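Open your viewer, get the sequence panel ready, and let's take a walk through this assembly one selection at a time.

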Amino acid sequence: MAKQHVAATINGDAVEFLCETHQTLLDVLRDELGLTGTKEGCGTGDCGACSVTIDGRLVCSCLVLGVEAKGKSIQTIEGMAAGAELHPLQRKFLEHAGLQCGICTPGILIAARSLLERNPDPTEEEIRLWLAGNLCRCTGYNKIVDAVLDAAREMRRK
Amino acid sequence: MPDTITPGEKKLRVVGTRPVRPDGVPKVTGLARFGADYSLPGMLWGKILRSPHAHARIRSIDTSQALALPGVKAVMTAADLPEQKFEYVGPERTAANFWHMTRGIMAREKVLFEGHAVAAVAAISKMVADEALRLIKVDYEVLPHVIDVEQAMQPDAPLLFEDMITRGVEPAPDKPSNISKRIEFKIGDIEAGFAAADKIVENTYRTKPVHQGYIEPQACLARFDADGQAELWASSQGHFVIRALTSRLVGMEVGNLRVYPAEIGGGFGGKNVPYVEPVALVLSRKSGHPVKIVLSRDEVFRACGPAAGSVMTVKIGITKDGKIVAADGVFTFQAGAFPTSPVMNACMCGFTPYDIANVRSVGYDVVSNRPKTAAYRAPGSPISAYAVESTMDMAAASIGMDPLQFRLKNVAKPGTQTVWGPKHTHEGFAETIRALMQNPAYSTPLGKNQGRGVAVGYWFNNGGESSANVHVNEDGTVLVATGSSDLSGTRASMALMAAETLGIDYDKVRAIVADTGSIGFCGISAGSRTTFATGIAVVQACRKVIDELRARAAMIWDAKVEDVVWEDGCAKRAGKGPGEVETLPIKAIAAKRTVTGGPISAEVSVNAGGVAPGFAAEFCDVEVDPETGAVKVLRFVAAQDVGRAIHPALVEGQIQGGVAQGIGWALNEEYIYDDAGRLANPGFLDYRIPVASDLPKIEAVLVEVPNPNHPFGAKGVGEANIVPSLAAVSNAVSRAIGRRMTELPMSPPKVLRALDPQRGS
Amino acid sequence: MSEAPARVVFTSDFSDRYTGGVKEFEIEAKNLRGVIKALDELCPGLGEHLEEETTVAIDGEVQDVGYYQAIRPGCEIFFIPKIEGG
């Protein structure tokens, strides 16, 4: 079967790509478009390392087909910083050492930003429940929670 | 031997601060490249065919149809890897029998576990590679299998190796079995010791195998050129060791293989050894193209080395005022398909936190049809600590003594003999227990269905071979290159130690991880050795650079080098007037490097000794729901002697991460097999590691009793924190429900059954 | 003036395999190279096993086996199995 032609917006830019019908959005981002910031940890939607947003909705890109991106606006970790200026979440993760190996970090940052867009003043419990779909094996989540709380605080001040 | 800085003697400028790590921005922007993130033009995708059977003889493999499929460029089987001699070379306790290791990479006569690699293909796309795998025909003679360690020891158990005679037993058994080895350590006279005890407590414990749970599956990109030179981009815990093992497995000279360290997405011991690298190299050699292999999560669980399951019995004798007079432990570990689980570590660590005159530890290493165990954070020690610390909890409770007081009363000190021979030489155990006792949370009152569990634990830590290169750039900034794979921020620690030694700012130092072609040999980043051993190499290299900088300054001043000192990042000498000091900052000297002799750099390689062990003391508060059996962790405080925290935030993170893994090990994680020996839960949905909403804030208490053998007093921190955590949780649950839990994981059905033994499963 | 020899100890596992069960030796030497050489003369082939398979604790301080390590009179030398970590 011939590849499908898909036109979408990724991190604000118009993008076109070809993909097999069975390829996931994760495969497309990583293998076709060279955007390797989104990671595969499990391929079955359990670990959240592949988190992206589609039209503002947080999803696991391993559970979305590449062809489903047609006409949609996708945000990945590569678009999180505004040019050279890091997003407050990115800065706070660095300040609080909210990462160790860093493989889960892109997914967690995307998920955390999604949370703060909906709930600018989350409690610790709300943060933990929201991030329950993003597995981290290194940190025990302590410093991740600290970083999200601090970023939320800074973003509320703006 | 390196010089030391005595605490209080000199205030440290940067060591002990919390700057952003040099690899931080790439990791929060998605630019950092992990093992699966590399590509080369003309690259092929490699995929591995795996056994569907837990135990079977391979009668034949027919790859012809796969090779004929358009788009397939190479196919391999074990025939493409050289046979290896059967001998246990080097350290007995680690997997250095290449006859086993090559069969672990790809099966030869038999498949020994479901998921065992049998063949591999390289093709132009993942889809074609998958299709090619389906076209490979393997003729199996299915054999009976055995997985559980106790079943594997039964006299009529199916044998993995028909010629396996248990080592370490005199006289040697005349029949083969699955018990690869028996080991024993003892001091004193345990019979006399138990005879003199007022109370004896004894119990038997069982744990299930668990996985390290790194979120990044194994991945690599290999390129094997026609002249026999090869390159590998791989994420691992040590690219030099990966180079050594892979080159031998593939049958090439070490010098012909260059390994570039990708960023690594979690290791915890599981990435000390190769899995995909030899396969990718052979496929690249056969196809003439670069080959990339990325394992799926399913493959990681089915085929990559986990931690052992176990059955253990521990017996402790105490006097009525709480002195331990005898201790005896039998630890039986499941090694997986090939010998050598970390049962020897378990025997050596379990009782070592204590001063006991009469101790015996016996270990059995048993093979069974699952992947060979790999290291997992203080390998072996958390498992034996679970059994020992549970029994210690019983002993303390039997005389109504506070469990931390009980530990303190019996804690090992310098001069205490270990069961494996040497006497303890480093301080820190008692201090760590006291720090925990003084923690305000330890006196938090407990409510209904709540319990507090206490445990301590020991880990050897490690030193060994490391290399560091320090180079002063033309503008006075400094490059620090080491060969130590950076799992969680050690580049920051190297930069801090270099900046401190040189007297310059942290952000004038760039720390990198150099590949095998760019620096001298460096051992694995495991065993909690990196900050210790590689730190020593970095500091020694900096000291050599300082000597060189002083010599250059002397030349610039036309002075004697003895009159030049190095302070605060500058060369200094007495000026013309009284009290005057002339200075030459590093930048100025670097600008004059050409006329004073050329580039300014030093490389140091060390074999670092004088390791101080790791020790942790922890308590955990839980609440048990008597209706569901669910256990909620209310609080967890972990105190660890870290020597000196070079970067306190990174050290805290290590402690929090190790504890989180221990909580998962204690409450939820286990491999579940079906009757055919196939793994039923090879994914994160059903292999349940702790998620953010499972855990409270984990409090890390950093105790600093410096190691005089490290220039800043650092002790290894990565591993000791997990050692007590299994028992801390188990002791908490046991106290909460008033019954001793003796099996891990303490999943809700198990807790319910402990609450009500009549209850059906 | 003769100096007290060093006391060299093996684990029972190692001694069963390589020294016919003898666990303790008294060796006079100035450095670890001398110790290994003396042991190799007593049990030919033992030297290589020591270098490849053991870590050493000299008066309790643990390090990789190295020729250059100084031995003071009367010190305790334990050869223990090599340690790895995770």
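**Stop 1: a helix pair in chain B**

Start by selecting helix α11 (residues 381-398) of chain B and helix α19 (residues 725-737) of chain B, which pack at an angle of about 35° with their axes 7 Å apart. Axes here are lines fitted to C-alpha atoms, for helices over the stretch in contact, and angles run from 0 to 180 degrees between N-to-C directions. Helices (H or I, at least four residues) and strands (E, at least two) are DSSP runs, numbered from the N terminus.

Before going on, a word on the model: it is predicted, local features need pLDDT of at least 70, side-chain atom pairs count only at pLDDT 80 or more, and totals for chains, interfaces and linings use all residues. Residues are numbered from 1 along each chain as its sequence is written, while chains are lettered from A and ligands numbered from 1 in the order in which they are written.

Now look along the pair: α11(B) passes α19(B) in a right-handed crossing. A crossing is left-handed if the near helix is turned anticlockwise from the far one by less than a right angle, and right-handed if clockwise.

Show side chains next. From α11(B), Pro382(B), Ala385(B), Tyr386(B), Glu389(B), Ser390(B) and Asp393(B) meet Ser725(B), Leu726(B), Ala727(B), Ser730(B) and Asn731(B) of α19(B). Two residues are in contact if their C-beta atoms, placed from the backbone, lie within 7 Å. This helix contact has five nonpolar, four polar and two charged residues. In that sorting, Ala, Val, Leu, Ile, Met, Phe, Trp, Tyr, Cys and Pro count as nonpolar, Asp, Glu, Lys and Arg as charged, and the others, Gly among them, as polar.

**Stop 2: a helix with a buried face**

Stay in chain B and select helix α4 (residues 126-134), whose buried residues are Val128(B), Ala129(B), Ala132(B) and Leu133(B). Looking down the axis of α4(B), you will find these buried residues within an arc of 145°, so they line one face of the helix. A residue is buried if 20 or more other C-beta atoms lie within 10 Å of its own, exposed if 12 or fewer, and partly exposed in between, with C-beta atoms placed from the backbone. The arc is that of the directions from the helix axis to the C-beta atoms. What covers them? Among the elements over the buried residues of α4(B) are β1 (44-50), α2 (64-68), β3 (72-77) and β5 (117-123) of chain B.

**Stop 3: domains**

Colour chain B by domain 1 (426-461 + 612-761) and domain 2 (463-608); domain bounds come from an automatic or database domain assignment. Their centres, taken over C-alpha atoms, are separated by 40 Å, and 15 residues of domain 1 of chain B contact 14 residues of domain 2 of chain B.

Chain A has domain 1 (4-79) and domain 2 (88-157), with C-alpha centres 22 Å apart.

**Stop 4: where chains meet**

Then show chains B and C, where 37 residues from chain B and 22 residues from chain C take part. Strand β7 (residues 179-187) of chain B gives the largest share of the chain B side, three residues. Finally, no contact joins chain A and chain C, whose closest C-alpha atoms lie 13 Å apart.
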